[in-house]
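Welcome! Please take a moment to look at the sequence and the 3D view, and then we will walk through the fold together.

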Amino acid sequence: MSHADPIADMLTRIRNGVRVEREEVRVKASCICEGIAKVMTQQGYINGYDRIETASKQDMLRVQLKYGPLGEKIIREIKRCSKPSRRLYCSVDDIPNVMGGLGIAIISTSQGVLSDAECRERKIGGELLCTIC
C-alpha cells in the first residue's frame, strides 16, 4: 500500500507510533509528506522532523512524535480524507471545522500544503488531505 499512497503510509506510521508510544517514526520522504510534517510541526502535533539521506534513492523523514507532560497523547485521531481512488476537494467555504476548531485539517493548495486556518486566512481551497485531532 505504501507504493500507491505515500500519504496514507505516513499517517499510518504516525498513528501506530503514537499508539505504542515511540519517540520517533521513519517515513519515506516526498514533497507532500514533508509539507504535512511541516504543518504538523507548526501546529504543535509533532516535535519536528528531518530528512535522512539513505544509500538507496529514496530518502527518509524522521518524525519526532510529541506527548504531553504526563505522557498523554497529543494526536488522538489522524484520518486520511482524500484518497487516490476518490479525491476530495473543497473551496474555502467548505473547509471542515475539525472538532469545532480543536483539531486541524491539512490541505494541499496551489500555494503548498497548509492548515485549515491558513487556507481561510488566504481565502484558498484545495485537496483535503487529512484531519488531525
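Three strands make up an open sheet, arranged in the order 1-3-2 with antiparallel pairing. Strand 1 (24-28) and strand 2 (46-52) are the edge strands, each pairing on one side only. On average, neighbouring strands of this sheet are turned by 20° against each other, if direction is ignored. Keep in mind as you explore that this is a predicted model.

Six bridges link strand 2 with strand 3 (residues 60-65), and the two pair in the antiparallel sense. To find your place here, look for Ile 52, which stands opposite Met 60 in strand 3.

## Two helices and the sheet

Helix 1 (residues 6-19) lies across strand 1 and strand 3, and runs at about 165° to strand 1. Helix 2 (residues 31-42) packs on the sheet too, where it touches strand 1, strand 2 and strand 3. The direction of helix 2 makes about 150° with that of strand 2.

## A closer look at helix 2

Which residues of helix 2 are buried? They are Cys 33, Gly 35, Ile 36, Ala 37, Val 39 and Met 40.

Just after helix 2 comes Gly 44, which takes a positive phi of about 85°.

Methods: Residues numbered from 1 in each chain as written. Predicted model: local features only at pLDDT ≥ 70, side-chain atom pairs only at ≥ 80, totals over all residues. Heavy atoms only, no water. Pairing = 2+ DSSP bridges. Helix = DSSP H or I, 4+ residues; strand = E, 2+ residues; numbered from the N terminus. Axes fitted to C-alpha atoms, helices over the stretch in contact; angles between N-to-C directions. Contact = heavy atoms within 4.5 Å. Buried < 20%, exposed > 50% of the residue type's maximum accessible area, 1.4 Å probe, protein only.
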